[in-house]
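I opened my notebook for a walk through this chain, going from the overall picture down to single side chains. Here is what I looked up, entry by entry.

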Amino acid sequence: MWVKNLLPVTFLSAILFSILFYNQDLGLNLIIFETSFIIFWIFTKQFNFSNQVQVITTVGFLLTSVFTVLTHSVLSYVIHFIAAFIFVGVLNYPSAKSIITVALISIKSIFQAQNEFLNSVTKSKVKGKSIGKIIWKFRIFIIPAAVIFVFVSIYKASNPIFDELTINLGVKFQSVFNFIFKDIEFLFIITLLLGLLISNILYFRTKNFSIKKADTNASDILIRKKQKGQRNFKTLSLKNELKAALFLLFILNLILLILNIADVYLVWFNFEWDGQTLKQFVHEGTYLLIFSILISIAIILYFFRGNMNFYAKNRVLKNLSYLWLFQNVILAISVGVHNYWYIEHFSLAYKRIGVAIFLILTLYGLYSVFIKIRNVKSGFYLFRTNAMALYILLVVSSMVNWDGLIAKYNFAHADTAFLHFDYLVDLSDKSLPYLDKPISELTKIENIQTKIFPYDADFMNAEEYHKQIKSRKRIFKQDWESKSFLSWNFPEYVAYNRLFKK
C-alpha cells in the first residue's frame, strides 16, 4: 500500500515538527515525531523485512530512538541521527546487501527527495490548472520587471526629487511590511521549513538505479579473472610478487614477534607505575600501534587483492599472513593493556573508552581479513561486514550513560587513581548527582591526590570544584523546572529528583 499524494502528509509532518521542536530542547518530542512516521510506515505496509540489513537497521533505528531519551547524551543523538539516516536508505532500497549501499542511497535521497517534493507541488492543480503551469505563465513579467528596475535606478540617480520620492515610498512600504509581519516569528518559519525538508526525506521515495545495480552485482565470493594470451606473463608476475610478499611478511613477522614478546613481558605481566603521567606510554604509543595495525591489514589486502588467492603455490604466503594477523591481534590486545593501565592510574575518560571501542572493531576487522583469505572472499565482503559491525557497535554504545559511568568510576577510585576535577566539572547535567560531593569529602580526596600525584600542573582544587558544581546545580534546577514535557528526558529527570527531592 502506498499513498499517491504525499503532499498533505509532508505538510502535516512539517507542522507537527515545528510544534514539537520550536523553542524546545531535544527530548520526548523526537520520539513523538518519529512515532508519527513509524505509524505511517506501518500503515503503508513498508515493514516487509526482506533481509538482514533491513532487520538490523530497523531495530537500530528504533533502539537508538528510545535511548536518546534514556541516556540523553550528544553521542546518543549523533548515533541515532546516523541510524535514522541509514534507515532512510533502507526504505528506498529494502533489498540492499550492504549498509554502505543504503548510506549512499541516503546521501542522494537528501537532494532527490526535495526534487520529488517540488515536482509534486508543480503537478498539483488549482481550479483544474497545475501550479507549475501557472508559475510558468508568470515568466512573461520577468523581463518587464527587470527593465522597470533599471529605469527606476537611472531616474533615482539622475533626479534628486524622484530619489527622495522613492525613499519615502520605501519607508512607507517597510512600515506596512513590519505592521503585517510584526507578529510572525521567523524562527518558527525556519523550524517549519526544516521540518518540511526532513519530512520530504522521510516520506518521498527516490530511485537510484546505478547504486542498486552495483549492489545487486556485488558478491561476497572473489571471482578469478583469466586473461587470454597473457598466461605465461601473469604466472611469472605472480611468482615474483609471491617472492616479494614472502620476504616482506617473514621480516615483518620477525620484527613484530620481538615487539610482542617485549610488550607481553613488560606491559602485560611486569608493568610498574613509578608516578609518570603515562602520556607517551598511552597517547602517542596507542595511536601509532593502531595505525600500524591498519597498515598491516592494508598489506595483507594488497597481496590478496586478485589472482594470488587462486595461485597454487600460495600456501606458505597464507600461513605467514595468518601468523601476521594473529600477531596483530596480540598487538591490539597489548594496546588494550596499555589503555587498561592508563585507566587504572588516571581514571576513565571519553578517549580511553573510545580506544577500547575502536580496539573491539579492530579485532573484528582482523578476523574478517582472516576469513577473506581462508574462504577467498571479496573486498565487498570486507566492507559489508565491517560496516555492519561498526553500525552495531555504535548502536550498542548509544545505550550507555557514559557521563554517569565516568563520574561514578572516577570518584570510586579516587584513593588510587588520579581524579581530574577540571574534566569532571564539565560533564553533563545528568551526571550531577554523582559529581555533587560535600566539601569535606572533596578536601579529603584532594589530600590523598596530593600525596599520590605531586604534579606541578595548575589543576582545579576541591574548593573551586565544589563552588562550580553548586552553581551548576542551581542553573540545572532553573532549566529543568522551566522545560515543557516535550523536552523531558529520563536521566535529567532522575538527576533532578536525586538532587532536589531527597
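Predicted model: local features only at pLDDT ≥ 70, side-chain atom pairs only at ≥ 80, totals over all residues.

**Entry 1: the whole chain**

I began with contacts (heavy atoms within 4.5 Å). Of the contacts in the protein with a separation of 6 or more, 78% are between residues 24 or more positions apart. Residues are numbered from 1 along each chain as its sequence is written, and side-chain values use heavy atoms, with hydrogens and water left out.

I then looked up the secondary structure, and it comes to 21 helices and 2 strands. These are DSSP runs numbered from the N terminus, with helices being H or I of at least four residues and strands E of at least two. Of the 502 residues, 40% count as buried. For burial I use relative accessible area: buried is under 20%, exposed is over 50%, and partly exposed is in between (1.4 Å probe, protein chains only). The protein exposes about 29100 Å², and carbon and sulfur atoms supply 69% of that area. The areas come from the Shrake-Rupley method with a 1.4 Å probe, and for residues only the protein chains shown count as cover.

**Entry 2: helix 2 and its cover**

Helix 2 has 16 residues, and I find 22 Å from its first C-alpha to its last, close to the 22 Å expected at 1.5 Å a residue. The expected span is 1.5 Å times one less than the number of residues. Its buried residues are Asn29, Leu30, Phe33, Glu34, Phe37, Ile38, Phe40 and Trp41. What covers them? I find that the cover includes helix 1, helix 3 (52-70), helix 4 (74-92) and helix 9. After helix 2 comes Lys45, with a positive phi near 60°.

I followed helix 9 (residues 186-203) to Asn200, which sits in it. Asn200 counts as buried, at 1% relative accessibility. Leaving out residues up to four places away in sequence, Asn200 touches Thr10, Ala113, Gln114 and Phe117.

**Entry 3: the largest nonpolar core**

Next I looked for nonpolar cores, meaning sets of buried Ala, Val, Leu, Ile, Met, Phe, Trp, Tyr and Cys residues joined through side-chain atoms within 4.5 Å. The largest has 30 residues, and Ile300, Leu317, Val369 and Ile373 have the most contacts inside it. Helix 11 (231-269), helix 12 (279-303), helix 13 (315-346), helix 14 (350-374) and helix 15 each give two or more residues to this core. Helix 13 gives the most, with 8 residues.

Not counting residues up to four places away in sequence, Val369 touches Ile297, Ile300, Leu301, Leu325 and Leu382. Leu382 is among the buried residues of helix 15, which also include Phe380, Tyr381 and Arg384. The 19 residues of helix 15 (residues 379-397) should span 27 Å at 1.5 Å a residue, and the end C-alpha atoms are 27 Å apart, which agrees.

**Entry 4: a nonpolar surface patch**

Leu257 is in helix 11. Its relative accessible area is 40%, so Leu257 is partly exposed.

**Entry 5: salt bridges**

How many salt bridges are there? With a side-chain nitrogen of Lys or Arg required within 4 Å of a carboxyl oxygen of Asp or Glu, I get 5.

Asp25 pairs with Lys483, the closest N and O atoms being 3.9 Å apart. This pair links distant parts of the chain, 458 residues apart: Asp25 is in the loop between helix 1 (7-21) and helix 2 (28-43), and Lys483 is in the loop between helix 20 (462-482) and helix 21 (490-500). Asp25 is partly exposed at 43% relative accessibility, and Lys483 is partly exposed at 24%.

Lys483 also meets Glu492 in a salt bridge (2.8 Å, N to O). Is Glu492 buried or exposed? At 8% relative accessibility, Glu492 counts as buried. Shared partners join Asp25, Lys483 and Glu492 into one salt-bridge network.

Lys477 forms a salt bridge with Glu481, with 2.9 Å between the closest N and O atoms. The two are 4 residues apart in helix 20, so about one helical turn separates Lys477 and Glu481.
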